Amino acid sequence: MNTLFQIVRDQFLNFKIIRRMAKYDDRATYQSHYLGLTWEFLNPLIQIGIYYLVFGVALKHGDPEPGVPYLPWMVAGIAPWLYMNKTTLDASKSVYQQVGLVSKMKFPINVLPSIKIYGNLYSFWTMIAFGLFLTFASHIGLTLLSFQFIYYFFCMIVLMFALGIFNSTVSVLIRDWHITLQSILRVLFYMSGVLFNFVTSNFPRPLIRLLELNPFYYVINGMRLSMFSTGTMLQDPALTLFFWCFIILIGIFGSYLHNKFRSDFVDLI
């Protein structure tokens with residue numbers, strides 16, 4: 001537990017470095033493209049358009065929730081999913097991509113995943129703004145319940161941090177882990193309720209309860225509850241408890257692995 005607290009402390013002490021390197025990383029990624037950073041926003045918009053045409057038009061079977069049209073409902077879920085999917089993959093390879101460089105200077109390696117967490121927020125906020133525009137266009141206003149979004153945003157960042165420390169370390173120890181993680185996320189995409197509401201489907205109740213244990217679903221569903229004011233974070237304490245237990249366990253285990261092997265990262269790579 002002390003190791004986890006030390007790693008969290010390092011993130012706050014080095015926040016300026018995280019912010020500066022995140023901005024540099026984004027510019028370096030798209031510096032040879034004519035549209036530059038515009039691709040950060042075009043790519044998710046294109047995906048939203050494709051999913052809407054397939055699931056919202058071609059396969060539409062009514063609104064996923066009473067009074068909530070499919071398009072704003074989908075965007076409210078796909079915005080956090082695209083962020084979490086990209087950040088999970090980017091953070092998982094952050095150490096073995098940069099450890100050779102930072103090993104030559106005094107640099108806290110444990111902030112490398114946080115650079116990806118911060119850097120990917122730009123496109124996330126753009127998608128959320130687009131989702132709010134669609135929500136208002138559908139004559140759905142914000143209420144006091146909308147302030148829950150702050151809590152679920154915090155949950156998302158903490159989840160990305162815990163997974164980032166764990167995955168970035170395991171990816172150095174087991175080089176196949178990053179590829180395995182890509183496959184896991186492809187499956188989770190359909191198990192996280194991004195494109196359809198499995199709670200209102202004909203799925204058996206035990207299966208629905210199992211799918212709800214997915215921490216990605218907890219964040220996605222929570223942000224939808226906030227944007228459309230259709231529920232509160234207190235309506236299912238068991239899921240909240242499970243989510244935070246998962247965060248603590250993966251955070252402690254990831255911190256332990258990182259602290260144990262960080263001096264060997266260069267040799268392992």
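1. His-139 lies in the loop that joins helix H7 (121-137) to helix H8 (148-173); helices (H or I, at least four residues) and strands (E, at least two) are DSSP runs, numbered from the N terminus. The phi angle of His-139 is near 65°, a positive value in a residue other than glycine. Most residues other than glycine have a negative phi. His-139 counts as exposed because its relative accessibility is 77%, where exposed means over 50% relative accessible area, buried under 20%, and partly exposed in between (1.4 Å probe, protein chains only).

2. The model is predicted: local features need pLDDT of at least 70, side-chain atom pairs count only at pLDDT 80 or more, and totals for chains, interfaces and linings use all residues. Residues are numbered from 1 along each chain as its sequence is written, and side-chain values use heavy atoms, with hydrogens and water left out.

3. The chain contains 13 helices and 0 strands. Of its 269 residues, 46% are buried. Among contacts (heavy atoms within 4.5 Å) with a separation of 6 or more, 80% are accounted for by residues 24 or more positions apart. The accessible surface of the chain is about 14,000 Å², and carbon and sulfur atoms hold 67% of that surface; accessible areas come from the Shrake-Rupley method with a 1.4 Å probe, and for residues only the protein chains shown count as cover.

4. Helix H1 has 12 residues and spans 16 Å from its first C-alpha to its last, close to the 16 Å expected at 1.5 Å a residue; the expected span is 1.5 Å times one less than the number of residues. Leu-4, Ile-7, Asp-10 and Gln-11 are buried in H1. These buried residues line one face of the helix, because they fall within an arc of 120° when seen down the axis of H1; the arc is that of the directions from the helix axis to the C-beta atoms. Asn-2, Phe-5, Phe-12 and Leu-13 are exposed on the other side of H1.

5. Gln-6 also belongs to helix H1 (residues 2-13). With a relative accessible area of 38%, Gln-6 is partly exposed.

6. Phe-196, Phe-203, Leu-207, Leu-210, Leu-213 and Phe-242 make a nonpolar surface patch of about 490 Å². Patches are made of residues with over 30% relative accessible area and no salt bridge; like charges are joined within 9 Å, and nonpolar side chains (Val, Leu, Ile, Met, Phe, Trp, Tyr) within 5 Å. A salt bridge is a side-chain nitrogen of Lys or Arg within 4 Å of a carboxyl oxygen of Asp or Glu. Leu-210 is located in helix H10 (residues 205-212) and counts as exposed, at 56% relative accessibility.
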